Amino acid sequence: MRVSPSTASGNGLPPGSEPSETPQTAAAAPQRKTRARQAETRLGLVRRARRMNRELATAFPDAHCELDFTTPLELAVATILSAQCTDERVNLTTPALFARYPDARAYAEANRAELEEYIRPTGFFRNKASSLIGLGQALLERHDGELPHTLTELVQLPGIGRKTANVILGNAFGVPGITVDTHFGRLVRRWGWTDEEDPVKVEHIVGALIERKEWTMLSHRVIFHGRRVCHSRKPACGACVLVKDCPSFGIGPTDPEAAAKLVKGPERDHLLELVGR
């Protein structure tokens, strides 16, 4: 989300001095500027946020959790492994892992060295192994080997924080939840939905803007959009379906042809068709 303005000019000139504007910089200036933020009422913000969610639903009708799983425990394990690791790498690792460790007892009784080798490709494998063994033990001791269905109980388990708990609730149990990962926080700040950095505060603020029944799918749509279009360093502004409602339009290329080259993922053709490319 939010793009922080630079606190230093970095032009090497004395304080208060500004470089003269050349024709080249003058021509490039509109490309770098974002839209002027006008005062927005609370009602206006709610309407804009919900309108953007509807546009994202059209852009990503098949948005989903990109971690592969068949049971709530598998999703919990995959989400723990996804910390500082791509979903693609996790999905390459979990088939063998899930076959070797099919239930909570298997993790609780796992040989640490063996488990670490299974999950080594995901990084931080020692800490993650501790979380998985602890998770298995806690599930056996407190929940008869099954994952609980509430946020309060989930966050008390080893390796499961609020973000992971919301992933599990929304995708394994059908309980609406907002998953504030790096992409989600970055985009909602970029869109002016909130200025907050704290994930819990972001979750509550966005939850007050969007209908509860939409929370889980909103999370998927925003994450999809962040991975495919609204990139951190160079968003594809000129190929974005949210152009009319995004206050940060212009921080990336606005030229449609240049922006189209930045769009990624299997939905690329569909996304470009929506913006007339």
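Which residue lies over the face of Y101?

1. In this predicted model, the residue over the face of Y101 is R100, at 5.0 Å from the ring centre.

2. Y101 is buried, at 2% relative accessible area, whereas Y118 is partly exposed, at 27%. Ring pairs join Y101, Y107 and Y118 into a cluster.

3. W191 and W193 form a tilted pair, because their planes stand at 55 degrees, with ring centres 5.1 Å apart. W191 is buried, with a relative accessible area of 1%, and W193 also counts as buried, at 3%.

4. An unreviewed UniProt entry lists C230, C237, C240 and C246 under "binding site". These positions are spread over 17 residues of sequence yet cluster in space, the largest C-alpha distance being 10.9 Å. C230, C237, C240 and C246 belong to the lining of the largest cavity.

5. C237 is located in the loop between α12 (215–228) and α13 (256–260), and C246 is likewise in the loop between α12 and α13. C237 is buried because its relative accessible area, 9%, is under 20%; C246 is buried at 10%. Beyond its neighbours within four places in sequence, C237 is in contact with residues including S248, F249, P253 and A259.

Conventions
Residues numbered from 1 in each chain as written. Predicted model: local features only at pLDDT ≥ 70, side-chain atom pairs only at ≥ 80, totals over all residues. Heavy atoms only, no water. UniProt positions renumbered as here; feature names shortened; annotations may be inferred. 1 Å grid on protein atoms, 1.4 Å probe; cavity = no way out; pocket = protein on both sides within 12 Å on 5 of 7 lines; lining within 4 Å. Helix = DSSP H or I, 4+ residues; strand = E, 2+ residues; numbered from the N terminus. Buried < 20%, exposed > 50% of the residue type's maximum accessible area, 1.4 Å probe, protein only. Contact = heavy atoms within 4.5 Å. Phe/Tyr/Trp six-rings, centres within 6.5 Å; stacked < 30°, edge-to-face > 60°. Lys NZ or Arg CZ within 6 Å of the ring centre and 35° of its normal.
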